[in-house]
Amino acid sequence: MAMFSHRRCLVAGMAACKRLNYRRHYANVSELASVPQLAVHSQQTAHDQSHLQTIHHHLHKDGILKLGLTFSDDTSSYLQQLIMNLHRHHSHGLPITHSAERGWFWDVRPSPDSFQSNNVQARSETMEEFPWHTDCSYESAPPRFFALQVLQPDRCGGGTLSVLKVEKLLGLLSASTRRELAKAQFEITVPEEFVKESHQRVIVGSVLGLYDDKNAGNSSSSSSSNDSPPVLRFRDDIFTPLTSSAEAALAELKSVMTGAEAERATLHLTAQMMPRGSVILLDNGRWLHARNEVKDPARHLRRVRWDARKLKAGEV
């Protein structure tokens with residue numbers, strides 16, 4: 001029965017993909033064209049100085065970059081070497097661990113009964129929709145960058161990665177809301193599966209802030225805070241406002257985030273736009289991301305996060 005359901009899913013998914021491509025062809029071309037792209041033809045490219053400079057440039061200028069690997073790399077060796085060399089040559093911080101039990105890399109795939117950390121199922125291990133968020137919003141020093149490598153795209157029409165530039169989102173908020181979001185008046189709960197220290201299960205911080213380059217988690221400063229744009233951390237289900245003004249500001253943020261203007265500014269990167277071998281690199285504080293429901297139980301991405309930076313509240 002399970003095999004039949006999976007086969008039916010794939011057949012339905014291929015038909016849905018054809019309809020999706022027909023309906024959204026021009027939108028996809030426009031959305032993909034707005035994302036810088038780079039083809040990678042060899043694993044050894046991760047050691048090439050001009051390649052490293054190009055990636056470093058795009059991450060700091062645009063905060064987003066799509067790579068297309070033209071070779072098989074199921075162990076993510078290229079990605080590991082890339083980050084290590086960005087650390088050596090461009091002062092990026094090293095990757096951070098996901099939890100007390102899990103190291104640098106995390107497999108993003110449906111897993112109903114075998115969990116990667118603390119014997120608790122992470123949201124990324126389900127097939128459920130995952131609304132707007134930034135990674136590690138519960139960390140005092142969240143990673144500045146993260147990457148997702150596509151090992152198996154969703155073949156059934158689901159699992160679309162959506163991204164929204166924080167700068168555009170902030171332009172839709174009132175000045176008073178931005179001021180409140182920049183205050184350390186939000187309690188943030190560490191999800192059980194990502195607990196690293198048993199005594200640290202809650203932090204208090206701001207939603208909006210600036211990267212504190214003087215306290216970069218694993219690296220020296222690569223840019224001054226004076227020219228750094230505001231950055232956001234957010235995940236609705238773990239944030240609790242501690243004051244009435246914080247509650248009102250959070251409500252406005254969530255309303256704007258799901259409104260029509262934010263939707264028009266959103267880029268939807270479908271499985272057709274992110275085939276096997278695609279790698280998306282994002283500035284975690286400058287881009288929100290989300291995904292819709294996963295429909296293919298074999299969908300498999302691999303994630304790594306690096307360059308931890310403390311967020312400074314009250315200076316935006």
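## Close-up views of a predicted model

The chain comprises seven helices and 15 strands; helices (DSSP runs of H or I, at least four residues) and strands (runs of E, at least two) are numbered from the N terminus. This is a predicted model, in which local features need pLDDT of at least 70, side-chain atom pairs count only at pLDDT 80 or more, and totals for chains, interfaces and linings use all residues. Residues are numbered from 1 along each chain as its sequence is written, and side-chain values use heavy atoms, with hydrogens and water left out.

**Figure 1. The chain as a whole.** Of its 316 residues, 52% count as buried. Here buried means under 20% relative accessible area, exposed means over 50%, and partly exposed lies in between (1.4 Å probe, protein chains only). Among contacts (heavy atoms within 4.5 Å) between residues at least 6 apart in sequence, 81% join residues at least 24 apart.

Figure 2. Helix α2 (49-61) has 13 residues and reaches 18 Å from its first C-alpha to its last, close to the 18 Å expected at 1.5 Å a residue. The expected span is 1.5 Å times one less than the number of residues in the helix. The buried residues of α2 are H51, L52, I55, H56 and L59. They cover an arc of only 130 degrees around the axis, which puts them on the same side of α2; the arc is that of the directions from the helix axis to the C-beta atoms. Among the elements that cover these buried residues are β1, β2, α3 (77-90), β5 (143-152), β13 (278-283) and β15 (300-312).

**Figure 3. The loops on either side of α2.** Q44 is found in the loop between β1 (37-40) and α2. With a relative accessible area of 55%, Q44 is exposed. The C-alpha atoms of Q44 and S77 are 9.8 Å apart in space, although the two residues are 33 apart in sequence. D62 lies in the loop between α2 and β2 (64-69) and is buried, with a relative accessible area of 16%. Not counting residues up to four places away in sequence, D62 touches P36, H57, R286 and W287. Just after α2, G63 takes a positive phi of about 75 degrees.

**Figure 4. P229 in its loop.** The loop between β9 (208-216) and β10 (231-232) contains P229. P229 counts as partly exposed, at 36% relative accessibility. Leaving aside neighbours within four places in sequence, P229 is in contact with L210 and R286. The C-alpha atoms of P229 and L210 are separated by 7.0 Å, and the two residues are 19 apart along the chain.

**Figure 5. Helix α6 and its two faces.** Helix α6 has 14 residues and spans 20 Å from its first C-alpha to its last, close to the 20 Å expected at 1.5 Å a residue. Its buried residues are A246, A249, L250, L253, V256 and M257. Seen down the axis of α6, these fall within an arc of 130 degrees, so they line one face of the helix. The face turned away from the buried side carries the exposed residues S244 and E247.

**Figure 6. The largest pocket.** A pocket is an open set of points on a 1 Å grid over the protein atoms alone, with protein on both sides within 12 Å along at least five of seven lines; its lining residues have an atom within 4 Å of a point. Grid points are joined across faces, edges and corners, and a volume is the space filled by probe spheres set on the points. The largest pocket has a volume of about 370 Å³. Of the 21 residues that line this pocket, E129, F130, P131, W132 and A290 lie nearest its centre. At least two lining residues come from each of β4 (130-133), α6 (244-257) and β14 (287-291), and β4 supplies the largest share, four residues.

**Figure 7. The largest cavity.** A cavity is a set of grid points where a 1.4 Å probe fits but cannot get out. The structure holds three cavities of 30 Å³ or more. About 290 Å³ of space lies in the largest cavity. Of the 23 residues that line the largest cavity, F130, H133, D135, H289 and R303 are the closest to its centre. The strands β4, β5, β14 and β15 each supply at least two residues of this lining.
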